[in-house]
Amino acid sequence: MEHLQININDFDDELSPFDGIDHTLTWKDEPLLKVRRLNKKYGSGCMLCESEHGMSEKVNRCPNCATVWAMRNVSFDLYPGEILGIVGESGSGKSTLVKSLYFDEVVDQGEAYLQAYEKQDTNIFELSNQQKRFVRNHLMGMVYQNPLLGLRMNVSSSGNIAEKLLAADHRHVGFMRARASELLNQVEIPISRMDEAPKRFSGGMQQRVQISKALANRPPLLLLDEVTTGLDLSVQAKVLDLIRRLQRQLGVAMLVVSHDLGVIRMLADRTMVMRNGRVIEQGMTDQILEDPQHAYTQLLVHSLL
Amino acid sequence: MFEQNYNFAFLDEASKREIRRATLKAIAIPGYQVPFASRELPIGRGWGTGGLQLTLSLVGKEDVLKVIDQGSDDSVNAVSIRRLVEDTTGIRTTESTEEASIIQTRHRTPDHPLRNDQIMVYQVPKPEPLRDVEPSETATARMHGEMDYSPMWLALYENIVKYGNMARGADYPVMINKRYLMAPSPIPRWDNPKFHYAGFLSLFGAGREKKIYAIPPFTHVESLHFDDYPFEIENFDGASCIDCGSANGFLQVIPAKGGTWIHRCSDTAFCLARRNASLKNAEVQA
């Protein structure tokens, strides 16, 4: 609508640092995200599977009590501006990990520290619901495998982006429209379609709207869960190019989950291999793909072609 | 002949006490919806049972009651409720806003300024302001608890995108005491500003939904608005009431012959008082 077209440059001050975010930090030497010993199980657990070496790493289901361990002692660091790839077969705990970090899943045990949050020394899983919402809305963006989870299909694309801005207490329609135009432009969605609902978009476009929504509040951390699964190859390439370009332009750190080693090779600086809820190997992506150490990683890499 | 006798104000004393407790809690937490055990009454759910239970729990023998429906004292709903209260309490009722100590209303706040010792009782069909954007009661309870009102703001944003303004006529959501989002019952936007730091007590009762909430006197009440899209009340473009000539009250727009429109005061008591005053002035001058 013409009366709503406003230039983002009119709102330079609107995206100034929010309360609670320390933008003065120099993160380069410190991890942006520290995750320690995350555990998530489906079931009550028993003496056997609760003990450190009770279960073989070849299974994630306890033979005694049938509890499924979706994550078992998962620990890693993510540095500012870095892309960390998480790779593994279906059911290895990749998605559970990112959903837990975005508070969609409740973890049973473990700690995570976010350097960008004012309470850097507080385990984010122990925050109050309001604080968790603050972290979700200001410091993280999430792109789901299924756009239905990340978008409101009946709300306009600009409205989807505005939702994230509204959650961060923005109350200026002109600013929100301008920011939505800027973001949709970045992900190559025509501005003329910004007031159309995502249900009228193709799968690739929906993923791009999701990415722009996730970036609305300029979060330092983006979580991407199988973003290219289900898209055809040309659209996949476009989305991957877009992610890479945004990472270079904005310097945002990313946690990229995929079972496709091609995606990981293209995007990730470092790679973590998961199997049966455990991290079995992590290192530089080239090293993991060219010189895998763990037998499972070798199998995974060699089954690529 | 068998004669039916009722307790004073129809409800038994224990029921009235429970409703008063819920009311006190509602006053203590402005805008918060307090659940209560809505009683059976000799009128149907959805016909003002919430407001009526509040009125019945509040009235004393010295009270004077006024009941209005969309501003009118003479609608079937208003007359039935007034008669029920008269028959079960024997208290005096009135059509004058000034005389009343308790005013039970459906969908309007009187245009005549209210005194600090008057109590407004609103009949509420849908107490949950978030119901249109969130169907789950558990989810809306969480949203109120965490003050997560972004879906409501998003709905207003979408209205602006589609229609160029926040296209909501009645039941326009208000923020109470900068804490709770509240549905002011389906009153026109015209009446929303009357709540802001008002001296009178406003009580809201939803019988079907079993909720009571309140705006205590001198409370900050703000209708939702964006920085660049301010909240606006209805605009009648300078029109005035065809009967009393008032342009200061909320006007009903009524289609007339020849495709034209006439305007008439929605608050019948306000209109009548103005007409009586002008007649009196004419008599004095004559």
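Mentor: Keep in mind that the model is predicted. Leu267(A) sits in helix H9 of chain A, residues 261–267. What does Leu267(A) contact, once neighbours within four places in sequence are left aside? The partners are Ile83(A), Leu240(A), Ile243(A), Arg244(A) and Val256(A). Leu84(A) is 183 residues from Leu267(A) along the chain, yet 8.4 Å separates their C-alpha atoms.

Follow Arg244(A), one of those contacts of Leu267(A). Arg244(A) forms a salt bridge with Asp269(A), with 3.8 Å between the closest N and O atoms. Arg244(A) has 17% relative accessibility, so it counts as buried. Asp269(A), at 27%, counts as partly exposed.

Now step back to the chain. Chain A has 305 residues, and 57% of them are buried. Its secondary structure comprises eleven helices and nine strands. Take the contacts in chain A between residues at least 6 apart in sequence: 71% of these join residues at least 24 apart.

In helix H2 of chain A (residues 94–101), six of the eight residues are buried, so the helix is largely enclosed by the rest of the structure. The buried ones are Lys94(A), Thr96(A), Leu97(A), Val98(A), Ser100(A) and Leu101(A). After H2(A) comes Phe103(A), with a positive phi near 65 degrees.

Helix H7 of chain A (residues 203–214) holds Gln210(A). Gln210(A) counts as buried because its relative accessibility is 2%. Its side chain makes a polar contact of 2.6 Å with the side chain of Gln207(A). Beyond four places in sequence, Gln210(A) touches Met142(A), Val143(A), Tyr144(A), Asn146(A), Pro147(A), Gly150(A) and Leu151(A).

Next, cross to the other chain. Between chain B and chain A, about 1800 Å² is buried, and carbon and sulfur atoms give 60% of that area. Three residues, Glu146(B), Leu154(B) and Tyr157(B), supply 34% of what chain B buries against chain A, more than any other three. In contact terms, 19 residues of chain B meet 22 residues of chain A.

The polar side of this interface can be counted too. There are ten residue pairs in polar contact between chain B and chain A, both members at pLDDT 80 or more. On the chain B side, helix H4 (137–146) and helix H5 (150–163) each supply at least two of the residues that touch chain A. H5(B) gives the most, with ten residues. By type, the chain B residues that touch chain A divide into ten nonpolar, three polar and six charged.

Two salt bridges run between chain B and chain A. One of them joins the side chains of Glu146(B) and Arg133(A), at 3.4 Å from N to O. Glu146(B) also forms a salt bridge inside chain B, with Arg142(B), and there the closest N and O atoms are 2.9 Å apart. Glu146(B) and Arg142(B) are four residues apart in helix H4 of chain B, so about one helical turn separates them. Arg142(B), at 38%, is partly exposed. Shared partners join Arg133(A), Arg142(B), Glu146(B) and Asp148(B) into one salt-bridge network.

Last, look inside chain B. It is divided into domain 1 (13–223) and domain 2 (251–285). About 620 Å² is buried between these domains of chain B, and carbon and sulfur atoms give 43% of it. Gly71(B), Arg108(B) and Asp111(B) supply 45% of the area that domain 1 buries against domain 2, more than any other three residues. The count of salt bridges between domain 1 and domain 2 of chain B is zero. The polar contacts across that boundary number five residue pairs, both members at pLDDT 80 or more.

Terms used. Residues numbered from 1 in each chain as written. Chains lettered and ligands numbered in written order. Predicted model: local features only at pLDDT ≥ 70, side-chain atom pairs only at ≥ 80, totals over all residues. Heavy atoms only, no water. Contact = heavy atoms within 4.5 Å. Buried area = accessible area lost by both parts, 1.4 Å probe. Salt bridge = Lys/Arg side-chain N within 4 Å of Asp/Glu carboxyl O. Polar contact = N/O pair within 3.5 Å; in protein donor to acceptor, adjacent residues only side chain to side chain. Nonpolar A, V, L, I, M, F, W, Y, C, P; charged D, E, K, R; others polar. Domains from an automatic or database assignment. Buried < 20%, exposed > 50% of the residue type's maximum accessible area, 1.4 Å probe, protein only.
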